[in-house]
Amino acid sequence: MSIIKQLPPHEAQKIAAGEVVERPANVVKELIENALDAGATKITLDLVDAGKQHIKIVDNGCGMTPEDAHLCTQQHATSKISCVDDLSNIGTFGFRGEALASIAAVSHLQLFTRHTDTKEGVKLVLHGGTLKSETTVAHPVGTTIIADDLFFNVPARKKFLKKRETEWRQILQLVHAFCLENLALHIKLSHDGREILNCPPVTTLSDRVAQLWEPALSQNLITIDANHGRKNIHVSGIISNHQHSRFDRSRLYFFVNHRWIKNYTLSRSLLKGYLNVLPPGRYPAAVLFIDVDPLDVDINIHPRKEEVQFLNPRSVEQLLQTTVKEALEKHLSNQISKPVQFATPDTTPAFKPAMAQEYPTTPSPLPFVMPADDPFAPASQPQKTTTPALAASPNPVPQPQQRTVAPQTPTQQKQFNVIGYFKKTYILLEQEDGLFVVDQHAAHERVLYELFSERFDDVATVKLLFPTTINVSTEEMSLLADHLTLFTNNGIAIEPYGEQQLIVTATPVHLKNQPLDDIVHQVAGWIKEEQNSMQDNLHNVINKKLHAQMACKAAVKAHDELQPDQIQQLLRDLYATNNRFTCPHGRPTGWLLSDYEIEKKFKRKN
Ligand code: ADP
Ligand code: MG
């Protein structure tokens, strides 16, 4: 006796339906796409229980004739292609002719439609794909589809549905994507009788973003537009700047040739562009349209067309990453350069007179020491700062080349328009479009981090008159022993001193007053974590962490009072530093409180 049976057609159809419609969001997607393909400019969606109980969509597209209304719920019935060759050059969303048949197979479906050329509409009722009734009805031109009791006849699939909130989130994200992609479309969405979205047509993407998300976000957007001419790739859209971030990726949208897709590598490339701009674990908002030659992308790799495969994925990723990085840099340097509304040094004091009295004008030794050969350091600074416990040389670590700096008189130095100093931590700068607030610790940390990692040769070191010892465990000693170059390459001269002690004989000048115990223990911990990596990689990873740690230790802290000249110096250093918008841990070094935000707080603006 044979154990193989041929499934009856309606059972086979139910299984096939699962490929196209796995959950309510897929149904909603197919129905919206059909409405758009039919030229609709207004779409109204009503859902109950995240679409599990009821999905209703009304569109004002071209509608269908009674004959087409019959055909459209049958398998492989489509008006969009007639042969497989058409697949490579498709302009519509649908093309498989499977969606309506699949939805009909697993729901109680009602279809109302009237074609532009007909006077009357038609209503079809189908249960599990079987036609139950057909009537002539009055209906405006366009189509209304109601799908009730989704998966009523496929209990296994129904059981598989996620929690109501999860299903609803997916639908909402999907509807957002359609809104972002179709600015001329009026979309309305309600759920369990509550209106959730009512988005009339707009002319710009940032207006759409303001409609969908919070209006203030549109103040923090950067427009993107870039081409990779040779490969025929175009990236456009908007991304949020460093002042907006979220804990999740729900505001990352990618469209490839006008089709919303999910692609992990694209998000990763985008996020790489944000490196050093957002704190770890925070995500921007981005709506990006990637256009490529239809022949360079396969949209047919996923049954629901949610993923794509590029012919040149690397080129796309690279273009995305560099475009985002450059756009952020440009935007951010505009922002931070704006506060450089340099007061004319001769006539305008950097501080208002009242404040100038509060700050002693005699320069005091900087709590953050810029090495004398730092190109940004003012010539008036002492050549080398020493303390009674330190001697400047000889030095066991490579000595930086002494550079001559053209002497700058204070009047030649740029003055930032500092209008205040809040809590001895935040520097307030007035600028054309708002108040720029700089966190002195984060700013100094970044300046030092870049100095340590980029221009290490420029960092002056000092030999300690009284070398310090650091107690370590035998395990730490065994971890550290082979990696002491991590320290010496960074200006910390350190050697084993017995079984459980290390001796430090010189440090970078910035760290001269800092106990190094913490750093040494931390490095031992990092080596332990990374011990399975190759030596080069281990050193790279740890070097970065070490630079961040050294910068953090050496930087001025919150509430360390800076003098006006030191504030100016810090701002000049920051201004001349790469990646100056965040500290090495990803916290921002400065924030712009825009006029708009301030005026909004005072209800001068909505
Ligand atoms: P596909 O979109 O892949 O062609 P569907 O099953 O989604 O397959 O739809 C089948 C056909 O039904 C479409 O090709 C189209 O001609 C017609 N159709 C579906 N929905 C609509 C609608 N909202 N307005 C007008 N025609 C529609
Ligand atoms: Mg379709």
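Biologist: Is Ser 206 buried, partly exposed or exposed?

Modeller: This is a predicted model, where local features need pLDDT of at least 70, side-chain atom pairs count only at pLDDT 80 or more, and totals for chains, interfaces and linings use all residues. Residues are numbered from 1 along each chain as its sequence is written, chains are lettered from A and ligands numbered from 1 in the order in which they are written, and side-chain values use heavy atoms, leaving out hydrogens and water. Buried means under 20% relative accessible area and exposed over 50%, with partly exposed in between (1.4 Å probe, protein chains only). Ser 206 has a relative accessible area of 24%, so Ser 206 is partly exposed.

Biologist: Leaving aside neighbours within four places in sequence, what does Ser 206 contact?

Modeller: Ser 206 sits in helix H7, residues 205–212; helices (H or I, at least four residues) and strands (E, at least two) are DSSP runs, numbered from the N terminus. Contact means heavy atoms within 4.5 Å. With those neighbours left aside, the contacts of Ser 206 are Ser 218 and Leu 221.

Biologist: Which residue in S10 is the bridge partner of Ile 224?

Modeller: Strands S9 (221–228) and S10 (233–240) run antiparallel and are joined by eight bridges; two strands pair if DSSP finds at least two bridges between them. They make a hairpin with four residues between them, and Asn 232 in that turn has a positive phi of about 60 degrees. In S10, Ile 224 is partnered by Gly 237.

Biologist: How are H14 and H15 oriented to each other, roughly parallel or roughly antiparallel?

Modeller: Axes are lines fitted to C-alpha atoms, for helices over the stretch in contact, and angles run from 0 to 180 degrees between N-to-C directions. The axes of H14 (517–530) and H15 (535–554) come within 10 Å and cross at roughly 155 degrees. Angles under 35 degrees count as roughly parallel, over 145 as roughly antiparallel, 65 to 115 as roughly perpendicular and the rest as oblique. So H14 and H15 are roughly antiparallel.
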